Amino acid sequence: MDLSRSVRAIADAADASDGAIDWDAVAEAAKGGCEPGDLRMEPAERAAFADDVRAARDGLRAASGVDFDLPGSIEVQHRHHWIDANVDTFRRVLRPLEDTATGGMVPGVARSLNSGTMAVTVAFLARNVLGQYDPLLLAEADPDDHGLYFVRPNIREAAVELDVGYPRFRRWIAFHEVAHAAEFAAAPWLPGYLEARLESGISSVTDESSLLELARPDRDGGGPVDAFADLNTAMTAVEGYAELLMDRAFDDEYDDLRAKLDARRRGGDPITNLFKRLLGFGMKRRQYERGAAFFTAVADRRDLRTASLVWEHPENLPTDEELDDPDAWIRRVA
């Protein structure tokens with residue numbers, strides 16, 4: 001790590017021309033807060049990554065019945081590459097908040113504090129993310145121009161930490177991320193659905209009257225809480241279906257991988273767990289667990305094709321109540 005690099009970047013953020021967050025400083029400081037990791041690969045390992053992704057595509061096509069293509073951008077990255085890609089994502093998502101932030105009496109100080117907070121967040125994520133399917137939400141790009149990233153240093157370190165073979169673990173991660181590609185291919189409406197709820201929630205919390213409205217004890221629905229609740233329910237379906245699909249399609253034993261990865265999601269030292277709580281990792285783990293339980297129940301009661309009906313149109317998404325009552329969803333949809 002190069003913490004002096006981080007300190008300089010955040011200090012310089014105060015002098016940025018405008019904006020509540022200096023995103024260039026965020027990227028620079030986050031890179032100072034974590035080593036990039038080793039991206040040196042022999043030709044055989046590069047070929048193995050490509051083979052894993054192709055095998056995942058073929059296996060997931062067969063299991064799901066969805067004929068989908070791989071994203072146009074598939075990258076094996078180190079942590080600094082991942083930071084560059086995701087700083088752009090944070091910039092897009094948080095733009096409405098930035099547009100309404102005034103910075104108070106000392107905007108330079110506020111900008112440095114905001115930029116420092118984001119840098120710590122991004123650096124922590126960069127050290128923990130294994131792979132990522134990026135639908136490029138809110139991006140001004142071709143709607144089919146999605147990305148697929150594998151953070152090689154994190155995958156290798158996690159394999160050692162979990163005491164599992166790197167090639168098998170790497171392949172399993174490929175199946176998980178490519179499963180997301182299958183979902184978004186099966187549901188072309190999904191990016192717009194997620195974007196609308198994300199924009200609605202963020203735009204609502206930038207309005208002071210909405211915040212005051214949220215505090216009313218007799219509040220009768222509407223506003224950001226409902227938008228974010230819909231988003232959380234949809235993401236629970238996205239993560240849960242991917243968990244089911246990757247397990248049903250994987251071409252090797254996975255019980256030990258599942259148990260150890262689930263333990264990793266729940267575990268960690270006290271500081272790591274604090275960061276996980278602050279960044280909503282508990283909610284993310286709950287999405288995995290709750291969504292996987294729902295889709296496993298549907299697939300066991302019927303079959304995987306029935307579970308895939310969730311992607312036919314938005315009305316087929318399970319409600320929050322149906323996530324805990326798969327039979328109710330089956331009666332309504334199937």
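Modeller: The chain has 16 helices and three strands; these are DSSP runs numbered from the N terminus, with helices (H or I) of at least four residues and strands (E) of at least two. The model is predicted, so local features are given only at pLDDT of at least 70 and side-chain atom pairs only at pLDDT 80 or more, while totals for chains, interfaces and linings use all residues. Residues are numbered from 1 along each chain as its sequence is written, and side-chain values use heavy atoms, with hydrogens and water left out.

The mean pLDDT of the chain is 83, and 80% of the residues score at least 70; pLDDT is the predictor's confidence in each residue, from 0 to 100. Over residues 207-224 pLDDT stays under 50, and the model has 13 contacts beyond four places in sequence for them, a contact being heavy atoms within 4.5 Å. Where pLDDT is low, the predicted coordinates should not be read in detail.

Of the 334 residues in the chain, 48% are buried (buried is under 20% relative accessible area, exposed over 50%, partly exposed in between, with a 1.4 Å probe and protein chains only). The accessible surface comes to about 16,100 Å², and carbon and sulfur atoms hold 52% of that area; the areas come from the Shrake-Rupley method with a 1.4 Å probe, and for residues only the protein chains shown count as cover. Among contacts with a separation of 6 or more, 78% are between residues 24 or more positions apart.

The largest nonpolar core has 87 residues, and the members that touch the most others are Leu60, Ile83, Phe169 and Trp311. Helix H7 (residues 166-186) gives the most to this core, eleven residues. Such a core is a set of buried Ala, Val, Leu, Ile, Met, Phe, Trp, Tyr and Cys residues joined through side-chain atoms within 4.5 Å. Apart from its neighbours within four places in sequence, Ile83 is in contact with residues including Ala27, Ala30, Val122 and Ala126.

Now the rings themselves. A pair of aromatic rings is described by the distance of the centres and the angle of the planes. Rings of Phe, Tyr and Trp (its six-membered ring) count as paired if their centres lie within 6.5 Å; planes under 30 degrees apart are stacked, over 60 edge-to-face and the rest tilted.

There are nine aromatic pairs in the structure. In one of them, Tyr133 and Phe184 have ring centres 5.3 Å apart and planes at 40 degrees, so the pair is tilted. Because Tyr133 lies in strand E2 (residues 131-134) and Phe184 in helix H7, the pair ties together parts 51 residues apart in sequence. Both Tyr133 and Phe184 are buried.

A second example is Phe294 with Trp329, an edge-to-face pair at 5.6 Å centre to centre and 80 degrees between the planes. Phe294 is in helix H13 (residues 281-301) and Trp329 in helix H16 (residues 326-333), so far as sequence goes 35 residues apart, and the pair links these distant parts of the chain. Phe294 has 1% relative accessibility and counts as buried; Trp329 is buried as well, at 0%. Asp327 is also found in H16, but Asp327 is partly exposed, with a relative accessible area of 31%. From C-alpha to C-alpha, Asp327 is 8.5 Å from Ala297, at a separation of 30 residues in sequence.

Phe294 and Trp329 belong to a cluster linked by ring pairs, together with Trp189, Tyr193, Tyr241, Phe295 and Trp311. Trp311 is also one of the core residues that touch the most other members.

Two rings have a charged group over them, that is, NZ of Lys or CZ of Arg within 6 Å of the ring centre and within 35 degrees of the ring normal. Arg197 lies over the face of Tyr193, at 3.6 Å from the ring centre, and Tyr193 is a member of the cluster. The charged end of Arg61 sits over the ring of Phe68, 6.0 Å from its centre.
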